[in-house]
Amino acid sequence: MVRYFVAVLVVAAALRAAADEQRFEHTNEQFAITLNSDWKEVDPKSAPYAKDVLTTEDDVVTRAYHFASETNFAAAIFVEIDHAYRIPERDVASLQFDKMRQTFLTQALEPEGLRMLDSTFSTNRMEVRISATADYSKTGKTRQLIGWFLTDKGSYSVTCVAPAEHYKSVSAVFTKALDTFYVDPSLAYRPRAGAAKQLASESK
């Protein structure tokens, strides 16, 4: 009997968790993101931090989500899709090594005003995950969690932003958003023929 009640409680908890989540599926852009029910999709240009975070490139497709609960701070998540530039095998190889990744990302992030705290690379998901801070003139000091998903056409950049002092209250949502971020398997990164031989010859 005790085991039965425990099982019921577990199922009930799972159902409550599912009810508190919503999955934003974007078939045309070939991705999906799962967020809590108190998040809503918004116009990227009008979202908090948009002017600080979003790229100015015209060929990048953008989606944005805003924390809609009544709080005294703003939190937002941006998804930027770049199918114009595929990351070369040479750069992907460098991302797998801590020191090389640190150098590569620091050079890429510092011009954007970001100070990297740490980073990881997942070979299975082809994801670079970055924790960083940035101090913007109008919105102040922010903490960011960034997932950079590499594909055979380009990349998906998922940037989660909140004020530094309130980051902990939304960090679990940010982490789950990246952990469950879905990219259509047809876009999986595939090394080009001859790329491995070229990398091997350059390393000699």
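His-166 is partly exposed, with a relative accessible area of 23%; that label covers the range between buried (under 20%) and exposed (over 50%), using a 1.4 Å probe and protein chains only. You'll find His-166 in the loop between β9 (155-163) and α5 (167-179). Helices (H or I, at least four residues) and strands (E, at least two) are DSSP runs, numbered from the N terminus.

Keep in mind that this is a predicted model, where local features need pLDDT of at least 70, side-chain atom pairs count only at pLDDT 80 or more, and totals for chains, interfaces and linings use all residues. Residues are numbered from 1 along each chain as its sequence is written, and side-chain values use heavy atoms, with hydrogens and water left out.

So who does His-166 meet? Leaving aside residues up to four places away in sequence, His-166 touches Asn-72 and Phe-73, where a contact means heavy atoms within 4.5 Å. Arg-143 sits 23 residues from His-166 in sequence, and their C-alpha atoms are 8.8 Å apart.

Now zoom out. The protein chain has six helices and ten strands, and 40% of its 204 residues count as buried.

Some of the chain's residues form nonpolar cores: sets of buried Ala, Val, Leu, Ile, Met, Phe, Trp, Tyr and Cys residues joined through side-chain atoms within 4.5 Å. The largest core has 28 residues, and Phe-78, Ile-130 and Leu-150 touch the most other members. Elements giving this core two or more residues include β5 (76-82), α4 (98-109) and β7 (127-136), and β7 gives the most, with five. Apart from this core lies another, of 27 residues, with Ile-81, Tyr-156, Val-158 and Tyr-167 among them.
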